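Here is a short briefing on one protein chain. Start with the structure itself, then follow the points by topic.

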Amino acid sequence: MQIKSYGKFNLTLKVFRRNRWKKMHRIQSIIFPYKLEYDMLEVLPYQGVQTIFTCNKKELDWNNNTVLDAYHKFLIVFPKFKTISLHINLIKNTTIGSGLGYSASNAVAVIKLICNFFKINYYSKKVKKLIKSLSSDALFFYLERPAIISGCGNKITYLTSKQIKKYEIPNLKVIDSKISSITKDVYQEFDYNYNYYKTKKNTNTYYNMLQQPAFKINSKLKKFYMTLKKEHQNVMLSGSGGAFLVW
């Protein structure tokens, strides 16, 4: 049993100071699905004592990743399946740290796949609540429709056809720099210099408040951006990097 795990890109991304109690950031973001590139996830019956995870990319930690985390959270919600071992295999076709949301997408995809495997209604309130608990990006991947995400990623408003036409960019291209940009490191820089980054005015229709902190800690990413600026009128980092939107 297999499923495709698609990405997303942020056309706008406003980030607020991290909540000291929840230890999460509030955001406001217009997000569209990205389906030109995808990972593949498959779930197979396994005869071993416990569920195993494998991946074609060795740099991904096989013992600590968003897919396994999602699986363990699934078992908390549906404990009767703890005794059934599975082989979860991730075929990673995309760049780790691309900023296109694939780690969150992988987590949601494995929940959907396991629900199908065990014949659980993926669209039930119980599963939706589980999806919300995975990460701030996870709720978007629940239905993968253009939307405005707010709160700590837990509030979603789907765009109308009129809004989609308003925000979509006809000649938009996604360019993966192949430069890994780790989300937690970008947010750490954002928090450390929050008073500086919050003063940056977002005067454009499309903007990303994580672009400057990502460039601050990753000179290669900034250099790639400057190269793209010579070829394209508009260039913007998607999410926390390292893919760019150009048009």
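Two strands pair if DSSP finds at least two bridges between them. Helices (H or I, at least four residues) and strands (E, at least two) are DSSP runs, numbered from the N terminus. The structure is a predicted model: local features need pLDDT of at least 70, side-chain atom pairs count only at pLDDT 80 or more, and totals for chains, interfaces and linings use all residues. Residues are numbered from 1 along each chain as its sequence is written, and side-chain values use heavy atoms, with hydrogens and water left out.

**Confidence**
- pLDDT is the predictor's confidence in each residue, from 0 to 100.
- The protein has a mean pLDDT of 92, and 98% of its residues reach 70 or more.
- Confidence is highest in strand S4 (residues 86-91), at a mean of 97. It is lowest in helix H7 (residues 194-197), at 85.

**Overall build**
- The protein contains nine helices and 10 strands.
- Its C-alpha trace spans about 55 × 40 × 35 Å along the principal axes.
- The radius of gyration is taken over C-alpha atoms, and the globule rule is 2.2 Å times the number of residues to the power 0.38. For 247 residues, a compact globule would have a value near 18 Å; the protein has 18 Å, which agrees.
- Of the 247 residues, 49% count as buried (under 20% relative accessible area; exposed is over 50%, partly exposed in between, with a 1.4 Å probe and protein chains only).
- Contact means heavy atoms within 4.5 Å. Among contacts between residues at least 6 apart in sequence, 69% join residues at least 24 apart.

**An annotated span**
- An unreviewed UniProt entry gives residues 79-139 the annotation "domain: GHMP kinase N-terminal". UniProt positions are given in the numbering used here, feature names are shortened, and annotations may be inferred rather than shown by experiment.
- This span, residues 79-139, is 43% helix and 10% strand, and its end C-alpha atoms lie 22 Å apart.

- Strands of a sheet pair through backbone hydrogen bonds, either parallel or antiparallel.
- Here three strands form an open sheet in the order S7-S10-S9, with antiparallel pairing.
- Axes are lines fitted to C-alpha atoms, for helices over the stretch in contact, and angles run from 0 to 180 degrees between N-to-C directions.

**Partners in the sheet**
- S9 and S10 (residues 243-246) pair over three bridges. Leucine 237 has phenylalanine 244 of S10 as its bridge partner, and valine 235 has valine 246.
- S7 and S10 are joined by four bridges. Isoleucine 175 has phenylalanine 244 as its bridge partner in S10.
- S9 and S10 form a hairpin with five residues between them. In the turn, glycine 239 has a positive phi of about 60°.

**Faces and cover**
- Helix H9 (residues 219-229) lies across S7, S9 and S10, at about 20° to S10.
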